[in-house]
Amino acid sequence: MQKYRRIFLFLCLCLFFSAPVQAAGNNALEALETLRRGFAGINDFTADVVQEKQLALMKKKMVSKGQVRFKKPDLFFMELLAPHASRLTLRANVMTLWLPEQGEIQRVVLPPENGLDKWLAYLDKPVSEAPEGVDLKAEQKNNIWTLRVSPLKKTGMKELQLSFDMKGQISRIVIAENNGDRTDIKFSNLRRNVGLKDKDLVQDSVNRLTP
Amino acid sequence: MVKALPAKLSAAVQSAVTAHLEWVFRLSSAKPGQVIAAALVFLALALTSLLNTRFEADIFKLFPSKQGALKLFLQTLQWSGSAQEAYFLLEGDRQALLAEVEPFVLRLKSLKVDGQSAFSKVIYRTYDPGEAKAFADFIGYAVARPQLFLKVEQVDNFAGRLLPANMDRSLKRAQAELASQAGMAMRDIIAVDPLYLRDLILPRLNKATQALDLDTSSPYLLSRDGRVLIVIAETARPVQDMQFARKLVTGINKARQGFSVHISCAGAHLSAVIDEATMKRNILACIISSLFVVLGLFYLTYRRVLPTLLIPLILLVGVALSLGTAGFFLSSIHIISFAFMALIIGLGTDYSIHIYDRFYSERSAGKSTDEALRLSMIDSGRGVFTAATTTAFPFLALMVTEVRALSELGLLVGLGVIFSMYATFFFLPPLLIFSEQRFPNSVYKPLPNFGLGRVWNISRKNRFATIAVSTVLIAILLIAALFISFEGELRNLQPKQSEAFLTQQKIEKHLSLASRQMLVAVEGIDLDDVLARGRKVGALVENYRLKKQLAAYSSLGQVLNDQPSQNEVLEKLQAQTGLRRPGTELAQALVRHGFEQGPFQPAINNLEQLKYARPVAMVEAIQRLAASPLRGLAERHLIRAENSYHLLFYLYYQGEEFNQPQFLKELAGLDPSARATGEELVSRQLAGSVKRSFLWGFILGGVMVLLLLITHFESLEGVFYSLYPVMAGVIAMLGLMVLAGMKLNFMNAMVLVTILGMGSDYGLHLAHRTSTLEEGQQASYTQAGRAVLLSALTTIAGFGSLALSDYGALASIGWATNFGVAATALVALFSLPAFIGLIVKK
């Protein structure tokens, strides 16, 4: 369950991408509100990513390039290219992973309490308090915000770190886990409200099998 | 012989009955205040008893469940927790179902009764992500023991995955999954099984876990056609706790409002509560409609307000006292038994009709109030007394039956008839006296004779023709009656519009693995012994599957290999892997693909140990399965209850192709203590119970009626006059049922017993008034015939309301009785004058 929470938290925070707003101060709530307001103005976005994963199971970092896409109300897509190609679609709380090289499909239903709807609803309202169950810390250096999110309860995830500029545009997300695993994603070439269609986020074969 | 032996006894009984009626008449006419006071005391006592009576809504409590298939059926409901489960069926298009299920489940989870969560568990997905770690642990255990979980046919595939080239392919897949955002969730399972050996084991386990035919590509419990989605919720408290169940149903009804998909609910016991309101409405509608018809008939015939208004009071007293008295005998009364009130309305009015009709006729003929009252209360009263007892006793005889539905109905109707009769005897005289005093100038105009005078004339003048015509008609109906068959399908007796019934039908249509199911239980105290016997039963079941008599089956033996199969798997596997060392090869492949070796060491060790593997003890395997997220598989097939182990086999079949008697015979030969249950077996058990009940009810009721008739008439002719119409009526009833496409069933079979008591009244009343008198026979016939006709109509009104009931069981009783009563009354009215004329002349 905790692992899925982490996945969700990550995916939802990816949605803060294009926040062209001014930071109001240097505390965590201000930082979070900056992201929220930015997100409120977008219908869809697309961005290129470079992901580095350091896992306890692997000797070396796994480096992947790819792209993320989002379309309101609840469709998220992330594609990683070879050598570890995968396409992940998240619709509401059903996650489908397609491995094109292997021709394998995995499908997981995430707990409803962690559904995308709930997070999107949270982002709809002005941030007046931190989300339940997490500790937030933010600092601003050289016009870059760094927001650190740590679960209050002991979970697999140690910390989620987001870096974004004064316009609220995220440049990096780092997920650190208690077992030493670490995922570092850098974003570039962000484009907002480009008029994405559902089919741009759901590959044909995935779409066919998505419940 | 009839005259010789019981003559004295008969005379004594007649004398006692007359004396008793004299006493009742004296008391009721001279001391009405005391009668009313006594009635109020009895009513108060009945009310006290009623307040302490528990009313049951559980449909299963209506049938004998202490042995046989029904016992096992109810036990499995209890063991599996199904008795506590509520099933929610969402209907709509696929996308709508998927969109609505989560919000609905959230509502169910947050539903509270008395401040506590209403459900302890809500299942709506095939897999719970919260158990990912436990699932990974179990997979690690399972792939390390292929001898236990792998089908012999899959050994080649398993061995193939241990080849270095295939290891490379699997590890590439693992890398891709780990690199994806889903990788965090897959890390543990990849560590215990980097070669995806689980792909060969999980389908077998999943298949056996499923009791429903689901779309395997959906994570939800979605039907293959995508039309329905099921949510299974386990109630926090027993639903037999009616207060809890009622509040729960209120909460459920609220929780399912406002969705774009239709949500219906069913459940073994919860259904009764869900349908409770409908059931009550149904029964109330029966009671009110029959009351209106009965009162309408009475008023239209006699045009007197006070006696018409007295009838509801008589019926109320009859019903209240019978319920109160039954409360002393029964620990609880089933709500469906309230249908008896409709019967009391039909039967209890008969006595008022006979007595009042006689009183009215005598007054109309110029007799004084006292004289008319005496004749009606003592002379007609004697006929009424015998008629009431011949009606009540066959109903009371049903108490000996093992089917609660019938014994309870028998007791309530039997008591209701007796109390209604006494209420008539005690309340009618004072009311008539009061009425005469209050309205001294009342004119008693001649009553309508409904053409009965003509009937008498035709029947008497054409005796032979009348007898011949009625005999031919009865013979034709007898031929039709020979084609009567028995309805064994319990579902056809259920309420057709009941939500639970309709939901159950939809579940069967969209989610059932096969249309029919049989469950076999192998039981014992020692688990090893049970499993050993289970293997033999498993082989028998498999044999029937191979013969295509079974569509499928599910058992523990299907997912856990027994010792011989384990040896076979190991032998083949070890032969295929030969001198290779798959553990070492995995370690090398991991290095090649950049994996750390440490986290995979258990998997490496397990593969390395494969060549030394030995069969696993079944007890250990079951314990491990029960502790895993796939525990449902163990819980469904192996139950520990009542200090015994119960190994269950679920057999799915379509219908006639499964030779059940042969299977059960072979099962008994293989394991004499093995038990089996299923809808057909339960139906067969109930049919057996009903047959026994019918036999005893018929013997007891028949003997009682015969004795009462003999003591009443003191002649065989009198007995014939009473029984001929009812025998002809029974034949006509069965014949008409065949012609109407009806069948005998568990409930309406008992009408054959009760019609004996009810139907014999018609001949009795007619014979009582006409068989001995030569003068004034026609007038007596017209008077008694009118009362018989009205009695039959009021009985039909009472039972007729049941015929319109939504409950197949009640409706079948209603139709059968109406056919029987109508035919008996017609035979009595048309044929008896001819028979009486013929016999008296001789």
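This is a predicted model: local features need pLDDT of at least 70, side-chain atom pairs count only at pLDDT 80 or more; totals for chains, interfaces and linings use all residues.
**View 1. Chain B as a whole.**
Chain B holds 32 helices and 13 strands. Of its 842 residues, 50% are buried.

**View 2. An open sheet of four strands in chain B.**
The strands run in the order E5-E6-E2-E7 (chain B), and their pairing is antiparallel. Strand E5 (119-123) and strand E7 (262-266) of chain B form the edges, each pairing on one side only. From one strand to the next, the twist averages 20°. Strands of a sheet are joined through backbone hydrogen bonds.

**View 3. The pairing of E5(B) with E6(B).**
Four bridges connect E5(B) to strand E6 (residues 228-235) of chain B, in the antiparallel sense. Look for Ile123(B): its opposite residue in E6(B) is Ile232(B).

**View 4. Two helices packed on the sheet.**
Helix H4 (residues 94-110) of chain B touches strand E2 (85-91), E5, E6 and E7 of chain B. The direction of H4 makes about 10° with that of E6(B). Helix H20 (residues 499-511) of chain B also packs on the sheet. H20 touches E2, E6 and E7 of chain B, and its direction makes about 105° with that of E7(B).

**View 5. The crossing of H18(B) and H31(B).**
Helix H18 (residues 452-461) and helix H31 (residues 777-803), both of chain B, pack with their axes 9 Å apart. The angle between them is about 125°, so H18(B) and H31(B) are oblique to each other. Their crossing is right-handed. H18(B) contributes Leu452(B), Gly453(B) and Trp456(B) to the contact. H31(B) brings Gln778(B), Tyr781(B), Thr782(B), Gly785(B) and Arg786(B). By type, the residues of this contact are three nonpolar, four polar and one charged.

**View 6. The hairpin of E11(B) and E12(B).**
Strand E11 (residues 638-641) and strand E12 (residues 644-653) of chain B pair over four bridges, in the antiparallel sense. Leu638(B) has Leu647(B) of E12(B) as its bridge partner. Two residues lie between the strands of this hairpin. Glu642(B) takes a positive phi near 50° here.

Conventions:
Residues are numbered from 1 along each chain as its sequence is written. Chains are lettered from A and ligands numbered from 1 in the order in which they are written. Axes are lines fitted to C-alpha atoms, for helices over the stretch in contact, and angles run from 0 to 180 degrees between N-to-C directions. Angles under 35 degrees count as roughly parallel, over 145 as roughly antiparallel, 65 to 115 as roughly perpendicular and the rest as oblique. A crossing is left-handed if the near helix is turned anticlockwise from the far one by less than a right angle, and right-handed if clockwise. Two residues are in contact if their C-beta atoms, placed from the backbone, lie within 7 Å. Ala, Val, Leu, Ile, Met, Phe, Trp, Tyr, Cys and Pro count as nonpolar, Asp, Glu, Lys and Arg as charged, and the others, Gly among them, as polar. Two strands pair if DSSP finds at least two bridges between them. A residue is buried if 20 or more other C-beta atoms lie within 10 Å of its own, exposed if 12 or fewer, and partly exposed in between; C-beta atoms are placed from the backbone.
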